Amino acid sequence: MDKTKIARINALAKKAKTIGLTERETAERDALRKEYLAEMRASFKAQLDSTYVQTADGAKIPYAEYARTAKEAAKGKK
């Protein structure tokens with residue numbers, strides 16, 4: 001997301017706290033927030049996809065696989 005959109009989100013947030021927003025501004029703020037969150041989630045997912053966990057035996061496995069096996073192991077203990 002470019003800096004102008006982030007600045008607009010911040011301006012709308014400040015205005016909402018001080019004098020309030022019109023319906024149009026509220027809709028704009030909500031759309032910008034939705035776009036921002038979608039980009040942040042995609043960025044975080046990409047970061048996790050490139051993360052590896054090193055096991056005690058020295059093997060490196062992708063985080064997604066590690067999380068899946070840890071979840072299955074936790075289910076087996078119950």
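User: Is isoleucine 6 buried or exposed, or in between?
Analyst: Isoleucine 6 counts as partly exposed, because its relative accessibility is 31%. Buried means under 20% relative accessible area, exposed over 50%, and partly exposed in between, with a 1.4 Å probe and protein chains only. This is a predicted model, in which local features need pLDDT of at least 70, side-chain atom pairs count only at pLDDT 80 or more, and totals for chains, interfaces and linings use all residues. Residues are numbered from 1 along each chain as its sequence is written, and side-chain values use heavy atoms, with hydrogens and water left out.

User: Where is isoleucine 6?
Analyst: Isoleucine 6 lies in helix 1, residues 3-18. Helices are DSSP runs (H or I, at least four residues), numbered from the N terminus.

User: What follows just after helix 1?
Analyst: Glycine 20 takes a positive phi of about 95° there.

User: Moving on, is glutamate 23 buried or exposed?
Analyst: Glutamate 23 is exposed, since its relative accessible area is 75%. Glutamate 23 belongs to helix 2, and its C-alpha atom is separated by 17 Å from that of asparagine 10, 13 residues apart along the chain.

User: How many aromatic pairs are there?
Analyst: The count comes to one aromatic pair. Tyrosine 63 and tyrosine 66 form this tilted pair, at 6.4 Å centre to centre and 45° between the planes. Rings of Phe, Tyr and Trp (its six-membered ring) pair if their centres lie within 6.5 Å; planes under 30 degrees apart count as stacked, over 60 as edge-to-face and the rest as tilted.

User: Which helix holds tyrosine 63 and tyrosine 66?
Analyst: Both lie in helix 3 (residues 63-77), three residues apart, about one turn of the helix.

Conventions:
Helix = DSSP H or I, 4+ residues; strand = E, 2+ residues; numbered from the N terminus.
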